[in-house]
Amino acid sequence: MKKVKGKFLQLRFDGHTIALSTSCSLQTTTQYSSDAKTKDEALGPSSGDAEWVDWTMSVEALVGVSEQLTEAKLRRLQLNLAELDAEFFLAADGKGSVPDGDWTPGNAEEMGVARFGGKVTIESISTNAPTEGNASFSVNFKAASPLVEITE
């Protein structure tokens, strides 16, 4: 049985991962029509008809300098209302440091992971500067297109 270490799962935006990332996530949520129930049906919960899958991505990272996407670069993109190409993928070699040219996708299927992508906008950025310890930030990305599996 193979297990996937969290370090191997990456998000990237316009071909770049986020510098000093400590965690990332992809969340999918099925959206249902609210008008599917009729007066002729029994009372009780009804999920309605599934209509589409909404999705979001989020990243938590340390504030710092790198060739990758930083807090400052992301905030500039947000202020410009940029739409980004987003990907969720298994890194080709997540064991060491960031490879030259940034993280690249590996063979996800052999680890039970699929590669997905779509367009996103930056919904929110929150920077945390504690009295002690490193400054950190979190970014939430909102879908601007359907999420699709990338098979190339």
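Strand β3 contributes 5 residues to the lining of the largest pocket, the largest share; strands here are DSSP runs (E) of at least two residues, numbered from the N terminus. The structure is a predicted model, in which local features need pLDDT of at least 70 and side-chain atom pairs count only at pLDDT 80 or more, while totals for chains, interfaces and linings use all residues. Residues are numbered from 1 along each chain as its sequence is written, and side-chain values use heavy atoms, with hydrogens and water left out.

The largest nonpolar core holds 23 residues, and Phe13, Ile18, Met57, Leu74 and Phe141 touch the most other members. Such a core is a set of buried Ala, Val, Leu, Ile, Met, Phe, Trp, Tyr and Cys residues joined through side-chain atoms within 4.5 Å, where buried means under 20% relative accessible area, computed with a 1.4 Å probe on protein chains only. Beyond its neighbours within four places in sequence, Phe141 is in contact (heavy atoms within 4.5 Å) with residues including Phe13, Ile18, Met57 and Leu74.

Threonine 17 lies in strand β2, residues 16–17. This residue counts as buried because its relative accessibility is 1%. The side chain of threonine 17 makes a polar contact with that of glutamine 68 at 2.5 Å; a polar contact is a pair of N or O atoms within 3.5 Å, and within protein one must be able to donate a hydrogen and the other to accept it, while residues adjacent in sequence count only if both atoms are side-chain atoms. Leaving aside neighbours within four places in sequence, the contacts of threonine 17 include Gln10, Phe89 and Trp103.

Key:
Buried means under 20% relative accessible area, exposed over 50%, partly exposed in between (1.4 Å probe, protein chains only). Helices (H or I, at least four residues) and strands (E, at least two) are DSSP runs, numbered from the N terminus.
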